[in-house]
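Let's take a walk through this model together, starting from one side chain and moving out to its surroundings.

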Amino acid sequence: MAGPERSQQQQQQQVEDKAERLDDAEMALQGINMLLNNGFKESDELFRRYRTHSPLMSFGASFVSFLNAMMTFEEEKMQTACDDLRTTEKLCESDSAGVIETIRNKIKKSMDSQRSGVVVVDRLQRQIIVADCQVYLAVLSFVKQELSAYIKGGWILRKAWKMYNKCHSDISQLQEARQRRPSVHQESLSTDNANHNGPVENCVTAEALDRLKGSVSFGYGLFHLCISMVPPHLLKIINLLGFPGDRLQGLSSLMYASESKDMKAPLATLALLWYHTVVLPFFALDGSDTHEGLLEAKAILQRKSVVYPNSSLFMFFKGRVHRLECHINSALACFHDALELASDQREIQHVCLYEIGWCSMIEMSFDDAYRSFERLKNESRWSQCYYAYLTGVCQGASGDLDGAIGVFKEVQKLFKRKNNQIEQFAVKRAERLRKISPTTELCILGVIEVLYLWKALQNCSSSKLQIMNQVLQSLDEASCRGLKHLLLGAIHKCHGNVRDAIQSFQLAARDEYGRHINSYVQPYAVYELGCILLAKHETLGKGRSLLLQAKEDFTGYDFENRLHVRIHSALASLKEVVPQ
């Protein structure tokens, strides 16, 4: 019996020795990579197994919990995520840096200088993790959509930003100090360190500083990037909280983070893909030109293809690139592949179904679009009201008007988020279509309208745009006249027919009859006119005046914040070209 018992003891000792040698930074990165390669469950198990091993692994477990909550919006999971994040926060804020097993294992039998380096790294890492936890707690607070939650979330973010900014500054200074250190004094500096007389930067390895810089750069970059897109009327409040907003600094920091060896490197990569393929096209940042962003997204996907060969999320972003390049069939193939790869991840499946629905609308394949949105209406907990409206217009556009009327009746019942602009819009549109007995053409008008509002018309082929043009021309509903001209102008703009586009936008801007039904038509038409005139130097001043008119002369209309963001972006890009 002694033999087998000794063998088991040896195996157990080997496991314990291996655990002691574990690099928590490397293991955390492996856990996130596992998650992105469709191993959500395995990643969760890994982080939870080692969550008491170090602050980094505790944060990994809390992040997976947060991600799960944000993908489901289930109250119980959101509360669990809050509890996990607070537990990680308390662990990082504890005074005793030596209580964590990993730290003790790393500094055991080390020189005093090495001990000092580990303590410096650990202190900075803990501060960054606390800031990360603060950001995710603020996001969970914002989800509640209550005024008190917004105020609380704003102050939490202020605290997080101060920590990011300080850590980013401290780490950058340590890096600069190391770079300035003359190599000829290496031996004397090592001796000084051993006698506790050396500066702090000599105690920390360049590799550790690079990873910490990558760690802080994720949150630091996201702050800059997100705040740079905020419209001016909200920017005043944000400036009071002390937040900056430098888009180029944000992108540069995220790029640094994505190439680091920190656990958030893959998340920074996803953030960059999200920016280039979702945010940039939707908010029309840098004017309407997304070509450079698409090239960057394709380069990122190419570089990361070896690390994430079967990732549903990376396949999803590949589909986004194809869609923005107007390769809709290729985009649909990617989204269907991502849907299959995410067989055990319902929330990622829903994101793919959403894109399949949109690509089907772009192709005017209304039956396919209807089936995707109907499944989302029945399965998703995000906005069943919005999905019901999309289901109804696509069902009606396919010719099933009785089915569409039945779905439009459901929209009001599914209306839950009273302050949500998208749901308010869906309810108003569904109610109006239900009352006037919709026709196939009016339902197609509804599809074209959401394609315009979500900036997807430019993804449509010339042949599909021509069919849409014909449908719009056939409509003679007085209350839809302004909307009809706005959409015709957008289609002419996509075709490059500037003169016809200007004429249609002018007709839309003058429409008073339908103003109360389609309140956003006039300000959007004025904005569109301004954007066209900005393209020529001789009409640049007039274009700028129209943008300011769209911003200042209209209020209380649908998707007002969305238009303000686009106007803010257009004016900002104008200042870069022509300094004011």
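Arg-429 sits in helix α21, which spans residues 421-435. Helices here are DSSP runs of H or I with at least four residues, numbered from the N terminus along with strands (E, at least two). This is a predicted model, in which local features need pLDDT of at least 70 and side-chain atom pairs count only at pLDDT 80 or more, while totals for chains, interfaces and linings use all residues. Residues are numbered from 1 along each chain as its sequence is written, and side-chain values use heavy atoms, with hydrogens and water left out.

With a relative accessible area of 9%, Arg-429 is buried; the term means under 20% relative accessible area, with exposed being over 50% and partly exposed in between (1.4 Å probe, protein chains only). The side chain of Arg-429 makes a polar contact of 2.6 Å with that of Asn-518. Such a contact is a pair of N or O atoms within 3.5 Å; within protein, one must be able to donate a hydrogen and the other to accept it, and residues adjacent in sequence count only if both atoms are side-chain atoms. Setting aside neighbours within four places in sequence, the contacts of Arg-429 (heavy atoms within 4.5 Å) include Tyr-389, Glu-449 and Tyr-520.

## The nonpolar core

The largest nonpolar core contains 174 residues. A core of this kind is a set of buried Ala, Val, Leu, Ile, Met, Phe, Trp, Tyr and Cys residues joined through side-chain atoms within 4.5 Å. Among the residues with the most contacts inside this core are Trp-358, Tyr-389 and Trp-454. Helix α7 (residues 112-142) gives the largest share of this core, 13 residues.

Leaving aside neighbours within four places in sequence, Trp-454 touches Trp-358, and its other contacts include Phe-282, Tyr-386 and Arg-562.

In helix α2 (residues 24-36), 10 of the 13 residues are buried, so α2 is largely enclosed by the rest of the structure. Asp-23 caps the N-terminal end of α2, with a side-chain oxygen 2.9 Å from the backbone nitrogen of Ala-25. After α2 comes Asn-38, which has a positive phi near 75°.

Helix α23 (residues 462-474) has Leu-465, Met-468, Asn-469, Val-471 and Leu-472 as buried residues. Seen down the axis of α23, these fall within an arc of 165°, so they line one face of the helix; the arc is that of the directions from the helix axis to the C-beta atoms. The buried residues of α23 pack against α17 (346-362), α22 (440-453) and α24 (481-495).
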